[in-house]
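Q: Please walk me through reading a ligand site and a domain interface.
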Amino acid sequence: MTNDSTTGTGTDAGAPRNAWDELPIRDELRGQSPYGAPQLDVPVRLNTNENPYPLPDALVDRIAERVREAARDLNRYPDRDAVELRTELARYLTRTAGHEVTRAHVWAANGSNEVLQQLLQTFGGPGRTAIGFEPSYSMHALIARGTGTGWISGPRNEDFTIDVDAARAVIARERPDVVFITSPNNPTGTAVDADTVLALYDAAQAAGPSMVVVDEAYGEFSHHASLLPLIEGRRHLVLSRTMSKAFGAAGLRLGYLAADPAVVDAVQLVRLPYHLSSVTQATALAALEHTDTLLGYVAQLKSERDRIVTELRAQGFDVTDSDANFVQFGRFADSHTAWRHILDRGVLVRDNGVPGWLRVSAGTPAENDAFLDAVRELKKEHDA
Ligand SMILES: Cc1ncc(COP(=O)(O)O)c(C=O)c1O
């Protein structure tokens, strides 16, 4: 889908904006905007934290083979419990994330957005609340709204790290049912250390008990080890992951969680039957067979991310430390105007609405060069 919105609020349905005002929709949805990062047709698209590398030919061939096999059985519903896929995801986590898990600890869905939705359907909902420390991934609040869960916006420090004392205080006061901790955080790129997660977990158990969801969508890009080992002995801690970023498979729509098996059992109460198609399961399994090649791209992206940080700082920008495949930079008196200037030079970055800041995803070296040239010109004009 391509829409021509530059505001990030467009849909492609063709109806005049807010035509739904006349529909009897739920009160809490009225006047709200859908999620919508602009999908513009420009030469360099660095706005949605995608992996810029197309899948290698050998993997494309393997996907075709696996999907062909699956196609024969499309007259049947898929494996409802995705047993083979969860087994392979558990093997991947065990090998790369520093803690042994089995398929009983792992659940998969259509993107980590669906994982998060299932968690909020299970542990949030009407009369309950969730908290996130903002700015953070905007879908946490949107999925909360969609599931009828009240949303609490928690504080961050000036440098975008989590203020542990303030976070503990708001958890004790508000007693949320679900606590989101995003590490590395989107859009800032900042990682959260294990001590902070444990402090918030303990606060949430004292106030709740509530579920703590660590969203590690960008975990593979971090300088720090995964927070997966923290699930051991903590039944209310969930780690959420995705194949959209490190595996370069945003189009696949495959996210997963790791947690105590009781959590996996609990989300069965809300998951739609046969939610994960046979084609999705076959494709994800093929991608997992090529893990080592795909993690090679992650290493390249990490080094490009570090180059972007260094060069932006050399150009005189403020840059937030990044553990993700994107970089937050500023500060701009008017970030939307700066965003527009960069776009006019053929490079699409993200204006997340964090005053003074923009976010750029690490692309290929050529794309990053184009971005760095665009901001160099912007800076020159501004300083002239
Ligand atoms: C922090 C975070 N979590 C989750 C997601 C959702 O990813 P997906 O639904 O593609 O797995 C994103 C996507 O950008 C993200 O930034």
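Q: How far is the polar side-chain atom of Ser244 from an oxygen atom of the ligand?

A: A polar contact is a pair of N or O atoms within 3.5 Å; within protein, one must be able to donate a hydrogen and the other to accept it, and residues adjacent in sequence count only if both atoms are side-chain atoms. Here the Ser244 atom lies 2.6 Å from a ligand oxygen. A side-chain N or O of Tyr218 is 2.6 Å from an oxygen of the ligand. For Thr242, that distance is 2.5 Å. The model is predicted: local features need pLDDT of at least 70, side-chain atom pairs pLDDT 80 or more, while totals for chains, interfaces and linings use all residues. Residues are numbered from 1 along each chain as its sequence is written, and side-chain values use heavy atoms, without hydrogens and water.

Q: Which residues of the shell come nearest to the ligand?

A: A residue is near if one of its heavy atoms lies within 4 Å. Of the 13 residues around the ligand, Ser112, Asp215, Tyr218, Thr242 and Ser244 come nearest.

Q: How does the shell divide into nonpolar, polar and charged residues?

A: Ala, Val, Leu, Ile, Met, Phe, Trp, Tyr, Cys and Pro count as nonpolar, Asp, Glu, Lys and Arg as charged, and the others, Gly among them, as polar. This shell has three nonpolar, seven polar and three charged residues.

Q: How many residues of domain 1 and domain 2 are in contact?

A: Contact means heavy atoms within 4.5 Å. Here 24 residues of domain 1 touch 29 of domain 2. The bounds, from an automatic or database domain assignment, are 38–55 + 293–383 for domain 1 and 57–289 for domain 2.
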